[in-house]
Amino acid sequence: MTVVIGFEGSANKIGVGIVRDGEVLANPRRTYITPPGQGFLPSETSKHHRGVILTVLREALQQAALKPADIDCVAYTKGPGMGAPLVTVAIVARTVAQLWRKPLLGVNHCIGHIEMGRLITHANNPTVLYVSGGNTQISNDPSPGYNIEQMAKKGSQYVELPYTVKGMDVSFSGILSYIEEVAHKMLGSGQCTAEDLCFSLQETLFAMLVEITERAMAHCSSQEVLIVGGVGCNLRLQEMMRIMCMERGAKVFATDERFCVDNGAMIAQAGWEMFRAGQLTDLADSWITQRYRTDEVEVTWRD
């Protein structure tokens with residue numbers, strides 16, 4: 001059996017996961033929380049990660065009931081993500097690999113999401129919608145996305161918003177600016193409620209994502225869709241995708257908050273696949289790449 005430990009910390013989540021031959025043995029994480037509307041800065045986020053990462057590492061080993069000697073490989077998020085948090089995680093992973101005398105693997109964050117989704121849902125050969133705040137592509141409490149989802153459930157009136165789809169590309173720029181521009185007037189005059197605006201925002205953005213996903217399915221003659229990434233937890237997105245798939249006689253797969261939000265197990269799982277395929281990262285090459293594209297990864301573990 002092969003056991004891989006994975007370190008994830010590309011944004012405001014810091015997680016350490018342990019996977020053994022397709023079984024998630026441990027997956028603790030911490031979230032860096034800032035006041036609503038402020039976002040998280042790279043330097044402050046990395047400071048948070050440095051403060052808790054060893055605690056999370058100990059928790060992972062305890063949950064898995066394993067010792068360092070039981071680990072076969074150490075995987076970490078190479079990118080994409082925020083520079084300072086990525087560096088923090090990479091340094092810890094490199095140190096652990098040397099102390100434990102284990103091989104090291106740099107993993108693409110996006111590939112981690114995809115491999116975790118495939119492991120949990122058992123999707124065979126899906127079209128993948130990776131939908132996340134910074135990395136949306138086809139191939140935190142408080143959480144703004146979560147709060148919008150809850151308010152949208154109470155809305156019913158649709159407000160027309162900018163909708164931009166060009167082939168397989170979508171553009172979300174300008175939508176929030178447009179809402180901020182019209183919200184004061186519309187809310188003040190009683191034309192709609194804040195819940196209606198959240199409802200309209202979700203319906204518009206998700207319709208764009210469903211459209212390009214269906215186009216990709218038609219192009220590839222695909223009968224499966226796998227939704228991964230933090231926004232993949234949204235139940236309305238899953239519902240809209242499910243309706244589209246039913247009309248095509250296709251299936252949709254998604255995971256819950258444990259695995260769709262950034263976590264260490266997804267890095268461990270991708271690292272497990274890579275390690276079994278003979279891939280390793282030399283210590284001299286174990287840097288980070290903030291703009292690490294998904295299509296830069298040579299997937300040698302699948303036909």
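I take helices (H or I, at least four residues) and strands (E, at least two) as DSSP runs, numbered from the N terminus. By that count, Val4 is found in strand 1 (residues 3-8).

**Ground rules**

I am working on a predicted model, where local features need pLDDT of at least 70, side-chain atom pairs count only at pLDDT 80 or more, and totals for chains, interfaces and linings use all residues. Residues are numbered from 1 along each chain as its sequence is written, and side-chain values use heavy atoms, with hydrogens and water left out.

**Entry: Val4**

Buried means under 20% relative accessible area, exposed over 50%, and partly exposed in between (1.4 Å probe, protein chains only). Leaving out residues up to four places away in sequence, I list Gly17, Ile18, Val19, Cys73, Ala75, Ala268, Gly271 and Trp272 as touching Val4; contact means heavy atoms within 4.5 Å. I also noted Arg20, which is 16 residues from Val4 in sequence and 6.6 Å from it in space, C-alpha to C-alpha.

**Entry: cysteines**

I count a disulfide when a pair of cysteine sulfur atoms lies within 2.5 Å. By this rule I get one disulfide. Cys233 and Cys260 form it, with their sulfur atoms 1.8 Å apart. The torsion about their S-S bond is about 50°, so I record the disulfide as right-handed. The pair links distant parts of the chain, 27 residues apart: Cys233 is in the loop between strand 11 (224-228) and helix 7 (235-248), and Cys260 is in helix 8 (residues 257-260). Cys260 counts as buried, because its relative accessibility is 2%.

Cys110 is in no disulfide, and the nearest cysteine sulfur, that of Cys260, is 15 Å away. Cys110 is buried, with a relative accessible area of 1%.

**Entry: Thr294**

Thr294 sits in the segment after helix 9 (264-276). I note it as buried, at a relative accessible area of 13%. Not counting residues up to four places away in sequence, Thr294 touches Asn108, Cys110, Ile111, Gln137 and Ser139.

**Entry: helix 5 on helix 6**

Helix 5 (residues 175-189) and helix 6 (residues 194-220) pack at about 155°, with their axes 11 Å apart. That makes helix 5 roughly antiparallel to helix 6 (under 35 degrees counts as roughly parallel, over 145 as roughly antiparallel, 65 to 115 as roughly perpendicular and the rest as oblique). Ile175, Leu176, Ile179, Ala183 and Leu187 of helix 5 make the contact with Ala194, Leu197, Leu201 and Leu205 of helix 6. By class I read nine nonpolar, no polar and no charged residues; Ala, Val, Leu, Ile, Met, Phe, Trp, Tyr, Cys and Pro count as nonpolar, Asp, Glu, Lys and Arg as charged, and the others, Gly among them, as polar.

**Entry: helix 6 on helix 7**

The axes of helix 6 and helix 7 come within 10 Å and cross at roughly 35°. The residues of this contact divide into ten nonpolar, two polar and four charged.

Conventions
Axes fitted to C-alpha atoms, helices over the stretch in contact; angles between N-to-C directions.
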